[in-house]
Amino acid sequence: MNDPNGLCFFDGFYHVYFQYSPGTPKGESTRRWGHYVSSDLLSWKYKGVVLDADIPEDKDGVFSGSAVTFDDHVEFFYTGNVMEEGDHDYVLTGRGANVIHVSSSDGSKMSAKKVLLRNSDYPSFCSCHVRDPKVSFENGIYKMVLGARTKDDKGCVLLYEGTAVDSLEYKGCLSAPNMGYMWECPELFELDGRKFLAMCPQGIPQGEFRFQNLFQSGYYTFDGDALGCFEEFDYGFDFYAPQTFTVPDGRRLLIGWMGIGDDSYSNPTVDLGWQHCLTLPRELSVSDDGKLIQKPLRELDKLKTSVKSVEGEAWEGLPFELNVSSCSADVCVSVSGAEIRWDKSCGVFSLQFTNDEGFGRSIRKIKIDNLTDIKVIADISSLEIYINDGMYVMSTRFYPEYKQVRVAVSGASAEVSALRLKDTLVAIGEALIDFIPDKTGCEFYEVGAFSPATGGAPANVTAAYSKLGGKSRMITKLGKDPFGDVITRTLNDAGVDTSYISYTSEANTALAFVSLAKDGNRVFSFYRNPSADMLFAPEEVTGDMLDNCYALHFCSVSLGDFPMRDAHRTAIAIARRQGAIISFDPNLRFMLWDDRDELKRVIWEFLPDCDILKISDEELEYITGTADFDEALPLLFNGNVKLVILTKGKDGACAVNSCGCVDSVGPVVKATDTTGAGDAFIGSFLWKLKTLGISREDLASCPPDVISECLDFANRYCSISVQRPGAIPSYPEFNEVR
């Protein structure tokens, strides 16, 4: 992958498109546009290739471009690359650079392509190198900039305007002397009342403190037709082709390609079949002297799980954030083989590799008169170094052998924070095969045949969460039998991480035969005495099973007097230490318990451990002794419980926290099969809660409108599910709910 393209916020999601060459990690195959989406700028889901080279005007590649959002659609502009056969230099002849337009109502499905400009439409002084349209829409006018190379090898930016996409007219050119032969990836934007022209000049001689890479990336202040001084965005080894966009809260964010083409250093991941990445999103602001300040995305603070001082030397697990302050003398910071130094006497700030982890990367330097602070974001294969509160940035790839690296600091004080992406729903408990009847509305003995379907409440919840685009993980044990294989395959197909499911020959996978009586109630017959899931032992629960855990969900079915009950206790304790939300749905199955009083005792034992309690109106009286929800609430707010949800079937749901009670009624639909509906509800509720950035600490005081939004979404989700047979197969993806 390389350049980020089409950055935008649309329809509740952040969209990142990017140059993608899936045929080879060296980028030698035809370029396309890949697509990522995120609801929170932290957890990203890959959506596939959305633009391919499939018309004559882009036959040799879908090159870089941009997006413009409207209320109901997005418009995209990109360069279609054409390489003609014959004896050409591909600078003055032999290359077609076409501005192409498409639109989309959802950000993924694209309209037919329309060619807006060809080589013959550009000014006569241009070579064949014209590309990378960046478009904005202001006061009814489309404004576009294009990067270009003139016939006499000077870089420039072409300006276009028009009231419609098919009436763009050339308005002028921006250039500067001695700034290379080609300007790529241009962008005009305004921030804090100042105008900036960003672009990537090629062909500038490399220097000791400036322009140290083969190709550069930076910006001019822009006042009318006058360009100010050129400033570089990044002084590290790996940064190019940035693009900015605004988000709903008004911030302007920048994302760059953490790589650079045709340089002397390399990336060992080529041998693994992939290469390159994008930078973290950076927040832009303007300093008092008119320069751009870049700071790490503030949402990263949500990932911090610990803060501790670094005194001298420490060993830290990647990824982490290192904050260095009180830089009054010479400073040296080491992250494995990457050495960051500031020599106060000469004012040289440097990033240098002292071992082979840089794979050919040597040293990069900046002149800085005064050093106040350093922030290092260290990921598995990258470092982003922010200097003087974002006045300067240095980015590099690096490849330590292990995820645990040595960190050393001298000449300053330092704190390190672990960064963990808490975006995964983890469920523990049963995964089984539900046998669904061939007819409903009859007695059990009247059913003629049953069809197998993957089920089990915790497994269903993970599937709903994943089908919406979230990350989920199932912890259970299955039998080494064909039914265990079916469950694993079904969960994988739904996007659930099954790598922590274990298998045994000591017991079979659990089975449940389900029938739907005339009154709509389900009748279960279980084959589970014991089943494989019940044998999952506490010593099998490991910390990495709860890595990145946003919420841990469990039910009562697997809380019988078997090892799995203690495994729940262990998982809950780990999740609690990691700050995850604990979600409990009793989901009563009386026929699995010889003693109903024992079931009630176990529920009350585990209930105080949860943060969210989801209970149905059918279960309320059995658990609390009263059918009156208001009367039951003082009993249910027990221990750690912060949010109680009561589901009421076709009558919707209500939720209560310290801010009060919220009711939500879903759409009226004709239910075909309610199997797994409660699981669909809590799975979609937790997903929506996560997308809104609600943490465990937020639950008790979460505003009613936020809780209402989550309840409404979960009710809509269920209204779709119950109109189709089965559980997991009936669960919709996000676009269908939308």
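Strands here are DSSP runs of E of at least two residues, numbered from the N terminus. The model is predicted.

**Exercise 1. The largest cavity**

Find the volume of the largest cavity, and state which strands each supply at least two residues of its lining.

Solution. 
- Step 1. A search of the whole structure returns four cavities of 30 Å³ or more.
- Step 2. The volume of the largest cavity is about 110 Å³.
- Step 3. Its lining has 14 residues, and those closest to the centre are Gly65, Cys185, Pro186, Pro242 and Gln243.
- Step 4. At least two lining residues come from each of strand E1 (4-10), strand E5 (62-69), strand E9 (126-138), strand E13 and strand E17 (240-246).
- Step 5. By residue class, the lining contains six nonpolar, four polar and four charged residues.

**Exercise 2. Two aromatic pairs**

Classify the pair Phe237 and Tyr265, then the pair Phe554 and Phe584, as stacked or edge-to-face.

Solution. 
- Step 1. The structure holds 41 aromatic pairs.
- Step 2. For Phe237 and Tyr265, the centres are 5.8 Å apart and the planes stand at 90°, an edge-to-face arrangement. Planes over 60 degrees apart count as edge-to-face.
- Step 3. Phe237 is in the loop between E16 and E17, while Tyr265 is in the loop between strand E18 (252-258) and strand E19 (277-278), so this pair ties together parts 28 residues apart in sequence. Phe237 and Tyr265 are both buried.
- Step 4. For Phe554 and Phe584, the ring centres are 4.4 Å apart and the planes are at 10°, so the pair is stacked. The cut-off for stacked is under 30 degrees.
- Step 5. Because Phe554 belongs to strand E42 (residues 549-555) and Phe584 to strand E43 (residues 581-585), the pair ties together parts 30 residues apart in sequence.
- Step 6. Phe554 has 0% relative accessibility and therefore counts as buried. Phe584 is also buried, with a relative accessible area of 0%.

**Exercise 3. Backbone exceptions**

Locate Leu41 and Asn139, and decide for each whether the residue is buried or exposed.

Solution. 
- Step 1. Most residues other than glycine have a negative phi, and most peptide bonds are trans.
- Step 2. Leu41 is not a glycine, yet its phi is positive, at about 70°. Leu41 sits in the loop between strand E3 (32-38) and strand E4 (44-51). With a relative accessible area of 3%, Leu41 is buried.
- Step 3. Asn139 also has a positive phi, near 50°. Asn139 is placed in the loop between E9 and strand E10 (141-150). Its relative accessibility is 81%, so Asn139 counts as exposed.
- Step 4. For the peptide bonds, the one from Leu318 to Pro319 is cis, with omega near 0°. Pro319 is in the loop between strand E23 (313-317) and strand E24 (320-325).
- Step 5. Asn529 and Pro530 are joined by a cis peptide bond with omega about -10°. Pro530 is in the loop between strand E41 (522-527) and E42.

Key: Residues numbered from 1 in each chain as written. Predicted model: local features only at pLDDT ≥ 70, side-chain atom pairs only at ≥ 80, totals over all residues. Heavy atoms only, no water. 1 Å grid on protein atoms, 1.4 Å probe; cavity = no way out; pocket = protein on both sides within 12 Å on 5 of 7 lines; lining within 4 Å. Points joined across faces, edges and corners; volume = space filled by probe spheres on them. Helix = DSSP H or I, 4+ residues; strand = E, 2+ residues; numbered from the N terminus. Nonpolar A, V, L, I, M, F, W, Y, C, P; charged D, E, K, R; others polar. Phe/Tyr/Trp six-rings, centres within 6.5 Å; stacked < 30°, edge-to-face > 60°. Buried < 20%, exposed > 50% of the residue type's maximum accessible area, 1.4 Å probe, protein only.
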